[in-house]
Amino acid sequence: MKLEEELGKILLDNNLTISTAESCTGGLVSSRLTDISGSSDYVKLNFVTYANEAKHNILGVSWDILNTCGAVSEECAEAMADGLHKATGCDIALCTTGIAGPTGGSETKPVGLVYISVKYNNIITIKEIKLSPQLPRIEMKEHFADEALKLAIDTLTRDRI
């Protein structure tokens, strides 16, 4: 079973809704969730918040976080999940922010770095993933999306809804 099918089944079986806010995955998580027939029963509202302005204007990520910690940070991922939850009223807020490359990045924030956040039951879980910067951009985004779906599944099954 594909990750998006597994997550969809958990959401349906437990009458839960999900929303996404994606930066580095550019809507790939949303696309995969909505590839499943019947997903309109659990997908509430999804955003691609690629630019800092979108993170600020749509999700309420503070300029202080964006200017001090950066868009690719644990602090930003946390604020994205909190803001997405507030903006949509979803049960599960799932967010990605990272650097898919091949350009960009730095010594402290290399290409292949992503922060994934999930807010569920008022608890925000954040996972940092570092992939090889040699991966092509498309593969990087696919891995990031896989990890996001896995984190949502793990969060829901860990909490034994």
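Figure 1. Ile116 is found in strand β4 (113-120), where strands are DSSP runs of E with at least two residues and helices are DSSP runs of H or I with at least four, both numbered from the N terminus. The model shown is predicted; local features need pLDDT of at least 70 and side-chain atom pairs count only at pLDDT 80 or more, while totals for chains, interfaces and linings use all residues. Residues are numbered from 1 along each chain as its sequence is written, and side-chain values use heavy atoms, with hydrogens and water left out. Ile116 is buried, its relative accessible area being 0%; buried means under 20% relative accessible area, exposed over 50%, and partly exposed in between, with a 1.4 Å probe and protein chains only. Contact means heavy atoms within 4.5 Å. Leaving aside neighbours within four places in sequence, Ile116 is in contact with Leu94, Cys95, Thr96, Thr125, Ile126, Lys127, Ile129, Phe144, Glu147, Ala148 and Leu151. Between Ile116 and Asp154 there are 13 Å in space, C-alpha to C-alpha, and the two are 38 residues apart in sequence.

**Figure 2. Salt bridge between Glu147 and Lys127.** A salt bridge is a side-chain nitrogen of Lys or Arg within 4 Å of a carboxyl oxygen of Asp or Glu. Glu147 forms such a bridge with Lys127, and their closest N and O atoms are 3.4 Å apart. This pair links distant parts of the chain, for Glu147 lies in helix α6 (residues 137-158) and Lys127 in strand β5 (residues 123-130), 20 residues apart. Glu147 is buried at a relative accessible area of 18%, whereas Lys127 is partly exposed at 29%. Both Glu147 and Lys127 are also among the contacts of Ile116.

**Figure 3. Further salt bridges.** The structure holds 8 salt bridges. Side chains of opposite charge can pair when their charged atoms come close. One of these bridges joins Lys9 to Asp13, with the closest N and O atoms 2.7 Å apart. Because Lys9 and Asp13 are 4 residues apart in helix α1 (residues 3-13), about one helical turn separates them. Lys9 is partly exposed, at 43% relative accessibility, and Asp13 is exposed, at 53%. In another bridge, the side chains of Lys130 and Glu128 meet at 3.9 Å, N to O. Lys130 is exposed at 57% relative accessibility, and Glu128 is partly exposed at 43%.

**Figure 4. The nonpolar cores.** A nonpolar core is a set of buried Ala, Val, Leu, Ile, Met, Phe, Trp, Tyr and Cys residues joined through side-chain atoms within 4.5 Å. The largest core has 35 residues, and those with the most contacts inside it are Leu7, Leu11, Ile18, Ile92, Leu94 and Leu156. At least two residues of this core come from each of α1, α2 (28-34), β3 (92-98), β4 and α6. Helix α6 supplies the largest share, 9 residues. Apart from this core lies another, of 13 residues, among them Leu66, Ala71, Ala79 and Leu84. Not counting residues up to four places away in sequence, Leu7 touches Ile18, Leu33, Leu149, Ala152, Ile153 and Leu156.

**Figure 5. Packing of helices α1 and α6.** The axes of α1 and α6 come within 9 Å and cross at roughly 30°; axes are lines fitted to C-alpha atoms, for helices over the stretch in contact, and angles run from 0 to 180 degrees between N-to-C directions. The two helices, α1 and α6, are therefore roughly parallel, as angles under 35 degrees count as roughly parallel, over 145 as roughly antiparallel, 65 to 115 as roughly perpendicular and the rest as oblique.

**Figure 6. Packing of helices α3 and α5.** Helix α3 (residues 52-59) packs against helix α5 (residues 74-88) at an angle of about 40°, and their axes are 9 Å apart. Helix α3 is therefore oblique to α5. Lys55, Ile58 and Leu59 in α3 meet Cys76, Ala79, Met80, Gly83, Leu84 and Ala87 in α5.

Figure 7. Thr20 has its place in strand β1 (residues 18-22) and is buried, with a relative accessible area of 1%. Residues up to four places away in sequence not being counted, Thr20 touches Val29, Ser30, Leu33, Leu45, Asn46, Phe47, Leu84 and Leu94.
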